[in-house]
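Here is a friendly walk through the packing of one protein chain, with cut-offs given along the way. Have the viewer open as you read.

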Amino acid sequence: MEAKNADMGESYPSSVQECQFEPVGDWIAREFDFIPTHAVSVLYELGRDQLERLDRPDINEQLIIFPAGWVVMFHPRELEIERFIKQNPAIIADCGFLVYDSESFGILLGMDKPGFVFYSECWEKLQRTLLRIK
């Protein structure tokens with residue numbers, strides 16, 4: 001049996017037995033720190049932070065593009081998840097994320113898709129991927 005989230009129009013399991021994953025919004029808030037994109041870009045532009053795009057190593061450092069439309073980037077709180085992302089940027093990119101390694105912040109995830117699409121197409125896929133490594 002499924003219930004409807006009236007706010008988001010999403011379906012989710014209504015019983016514990018049916019639920020493999022917690023709601024994605026709760027998981028994001030628990031597992032990631034929210035870093036203002038502006039802070040990252042200012043440090044980078046001032047030359048106070050080194051930033052490397054891991055999911056696209058072919059991108060020249062001078063062509064780093066900060067995610068459009070989002071005011072935050074996401075930093076995993078757990079070292080195990082940060083290591084996995086750093087070692088497997090292509091897997092994370094397949095979930096729809098831009099993967100950066102920042103000298104000041106560590107691993108950062110960016111996005112360049114609209115929020116509603118991003119929850120269903122990217123965050124849920126990332127949640128399933130990362131829960132497998134725990």
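Strand 5 is mostly covered, with five of its five residues buried; buried here means under 20% relative accessible area, exposed means over 50%, and partly exposed is in between, using a 1.4 Å probe and protein chains only. Helices (H or I, at least four residues) and strands (E, at least two) are DSSP runs, numbered from the N terminus. This is a predicted model, in which local features need pLDDT of at least 70 and side-chain atom pairs count only at pLDDT 80 or more, while totals for chains, interfaces and linings use all residues. Residues are numbered from 1 along each chain as its sequence is written, and side-chain values use heavy atoms, leaving out hydrogens and water.

V72, F74 and P76 point one way from strand 5, M73 and H75 point the other way, and all are buried. Strand 5 pairs with strand 3 in the antiparallel sense over five bridges; for strands to pair, DSSP must find at least two bridges between them. Across from V72 in strand 5 stands P36.

## The nonpolar cores

A nonpolar core is a set of buried Ala, Val, Leu, Ile, Met, Phe, Trp, Tyr and Cys residues joined through side-chain atoms within 4.5 Å. The largest one has 22 residues, and those with the most contacts inside it are I92, F97, L109, W123, L126 and L130. Two or more residues each come from helix 1 (24–31), strand 5 (72–76), helix 3, strand 7 (106–110) and helix 5 (115–131). Helix 5 gives the largest share, five residues. A second, separate core of eight residues includes Y44, L51, M73 and L108.

In helix 3 (residues 79–87), the buried residues are I81, E82, F84 and I85. They cover an arc of only 160 degrees around the axis, which puts them on the same side of helix 3; the arc is that of the directions from the helix axis to the C-beta atoms.

## Aromatic rings

Which residues do ring pairs link into a cluster? They are W27, F32, F34, F74, F97 and W123. Rings of Phe, Tyr and Trp (its six-membered ring) pair if their centres lie within 6.5 Å; planes under 30 degrees apart count as stacked, over 60 as edge-to-face and the rest as tilted. By this rule the count comes to six aromatic pairs, and two of them are set out here.

| Pair | Centre to centre | Angle between planes | Type |
|---|---|---|---|
| F34 and F74 | 5.1 Å | 70 degrees | edge-to-face |
| F74 and W123 | 5.0 Å | 85 degrees | edge-to-face |

F34 lies in strand 3 (residues 32–36) and F74 in strand 5, so their pair ties together parts that are 40 residues apart in sequence. F34 counts as partly exposed because its relative accessibility is 46%, while F74 is buried at 3%. With F74 in strand 5 and W123 in helix 5, the other pair ties together parts that are 49 residues apart in sequence.

Leaving aside neighbours within four places in sequence, W123 is in contact (heavy atoms within 4.5 Å) with V24, W27, I28, F32, F74, F97, M111 and F118.

E124 is found in helix 5 and is partly exposed, with a relative accessible area of 27%. Not counting residues up to four places away in sequence, E124 touches V24 and Y119.

E31 has its place in helix 1 and counts as buried, at 3% relative accessibility.
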